[in-house]
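Please examine the model below. The questions and answers that follow concern its packing.

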Amino acid sequence: MYCRARFASRLASTTAAAASFSPSACSRVSSPISSPSSASSVSFWNQRYRSLSFSSSLRSLRCSAPRLHWRSTESLCVLARTPVPVVERFHRRIATTASEHPFKGVMTSLPKPGGGEFGKFYSLPALNDPRIDRLPYSIRILLESAIRNCDNFQVTKDDVEKIIDWENTSPKQVEIPFKPARVLLQDFTGVPAVVDLASMRDAMKNLGNDPKKINPLVPVDLVIDHSVQVDVARSENAVQENMELEFKRNKERFAFLKWGSSAFHNMLVVPPGSGIVHQVNLEYLGRVVFNSDGMLYPDSVVGTDSHTTMIDGLGVAGWGVGGIEAEAAMLGQPMSMVLPGVVGFKLSGKLRDGVTATDLVLTVTQMLRKHGVVGKFVEFYGEGMGELSLADRATIANMSPEYGATMGFFPVDHVTLQYLKLTGRSDETVSMIEAYLRANKMFVDYNEPQQERACSSFLQLDLAEVEPCISWRKRPHDRVPLKEMKADWHACLDNNVGFKGFAVPKEEQNKVAKFTFHGLPAELRHGSVVIAAITSCTNTSNPSVMLGAGLVAKKAYELGLEV
């Protein structure tokens, strides 16, 4: 803490000017979001720590905020999408110097179908550059961000030109600045970030300045989901009992985060028991298109979790970063990144009955690892896209760290819009998203002729050729078709010690070890299942896969499988 405080003191003295963009009025603060299934835990969150305060300079601040109902999609979406005065003031300052913006000439209004306008945006087609029409959709998001944030200081016109000329510059490993639209944290990495902000406020006070000037300059969403442990299982009250234990063990951390949710502007904290961070991000927090004080721009996010890439299935560019990078982005600093190559992955056909998203993602991962995609974007396209649900897309995008890509991106199309409606986005919001993306050539309509886009390399897969298979997600090269599993297993017993080899002598392959378990006789042999659990967010993000797992467990129990 002492080292953090010293660092924060130095940082605060150099960022006071940037922090002055933040207003003194609190706006986008988080509030506890109650859940009918966890009323006592939420009450614990709401009431027990209402009187706690942190830091001698902030003793007057209390953990009080209006209530929202977590399971009410409308209330959460409204909170997550409410225009932020911090951002509003920033854009107003930019507006006062609009004459200085290098790309002021391409700012365009987006009309509403019934009259009026949704807002204004920086138009890529207005640049009248044929190179933009060949850019992959993922690169267009980087381009729009560079144009919108171009100030010839942090982001220059040369940076914009590098992105427009992507076909020639990406092989040269040139660097560009990128400013994401928001930052996503989970509690394991979010606590240090909030601690640093609190330390910077102390440092500002010690420097004789207003500590309330220290706030995130971009929206920050913090989802508390990494603290839960499974102490209770196979009982009707398991969720409630595990949550109660979670609150008891983490009361100090939770109280601190609750304080931060109301002390800092521009920060939303989603309470414990609400779901996995990536699922919450996908269903509730993802904007797809921001409308901030009348300025429209694509949603993009960096998160302090490697599987932040799951949001790419929604057409939102996002990937995982380290804590220092995330904090820099929170304070409005651009990220320096190598302009990535893009691997185009064409999908055709349709998955056969009985083939799951897990089978598909293991096949895709094996292909991409063999191809080599480290540090690159993978962009999926083709007529097979219409046969993939958004949950299946999210499963593939979630596995980006396993196949090594920065992200696996699915551009917005009609499937995306349908999902947005199903998860509670209003008709007007969905209409605005579609209108903006079409106007800025970021929407894919497979009912229209597709213009050829440039990619660094290409792969393709007929979905009908995917078959049921098994593999550990971090070892996709172990993938084995389900129909070959028994033969492959016996071969592994015979093979020499090494990759897929145990060299077990023939006479010992049927050896049985007998013991007692809870007073009952039991036995183990080669091939016994000793641990079986679904904890990966890759699987839990997909309802059909979870239902399939439940059916497998049910049938296995009926066939005599026991603990």
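Q: Which residues is tyrosine 419 in contact with, leaving aside its neighbours within four places in sequence?
A: The model is predicted: local features need pLDDT of at least 70 and side-chain atom pairs pLDDT 80 or more, while totals for chains, interfaces and linings use all residues. Residues are numbered from 1 along each chain as its sequence is written, and side-chain values use heavy atoms, with hydrogens and water left out. Tyrosine 419 belongs to helix α17 (residues 414–422), where helices are DSSP runs of H or I of at least four residues and strands are E runs of at least two, numbered from the N terminus. Contact means heavy atoms within 4.5 Å, and on that basis the partners of tyrosine 419 are Leu282, Glu283, Leu314 and Leu390.

Q: Is tyrosine 419 buried or exposed?
A: Buried denotes under 20% relative accessible area, exposed over 50%, and partly exposed in between, with a 1.4 Å probe and protein chains only. The relative accessible area of tyrosine 419 is 14%, so this residue is buried.

Q: How many residues does the largest nonpolar core have?
A: A nonpolar core is a set of buried Ala, Val, Leu, Ile, Met, Phe, Trp, Tyr and Cys residues joined through side-chain atoms within 4.5 Å. Leu143 and Leu314 are among the residues with the most contacts inside the largest one. The size of this core is 102 residues.

Q: Which residues does leucine 143 touch, not counting residues up to four places away in sequence?
A: Leu143 is one of the residues with the most contacts inside the largest nonpolar core. With those sequence neighbours set aside, leucine 143 touches Leu124, Ile132, Leu135, Val160, Ile163 and Ile164.

Q: Why are the buried residues of α13 on the same side of the helix?
A: In α13 (residues 323–330), the buried residues are Ala326, Glu327, Ala329 and Met330. The arc is that of the directions from the helix axis to the C-beta atoms. These residues lie on the same side of α13 because they cover an arc of only 160°.

Q: Which elements do the buried residues of α13 pack against?
A: The residues concerned are Ala326, Glu327, Ala329 and Met330. They pack against β6 (182–186), α9 (187–206), β7 (220–223) and β11 (300–303).

Q: At what angle do α14 and α15 pack?
A: Ala357, Leu360, Val361 and Val364 in α14 meet Asp392, Thr395 and Ile396 in α15. Axes are lines fitted to C-alpha atoms, for helices over the stretch in contact, and angles run from 0 to 180 degrees between N-to-C directions. The axes of α14 (residues 357–371) and α15 (residues 390–398) are 9 Å apart, and the angle is about 35°.
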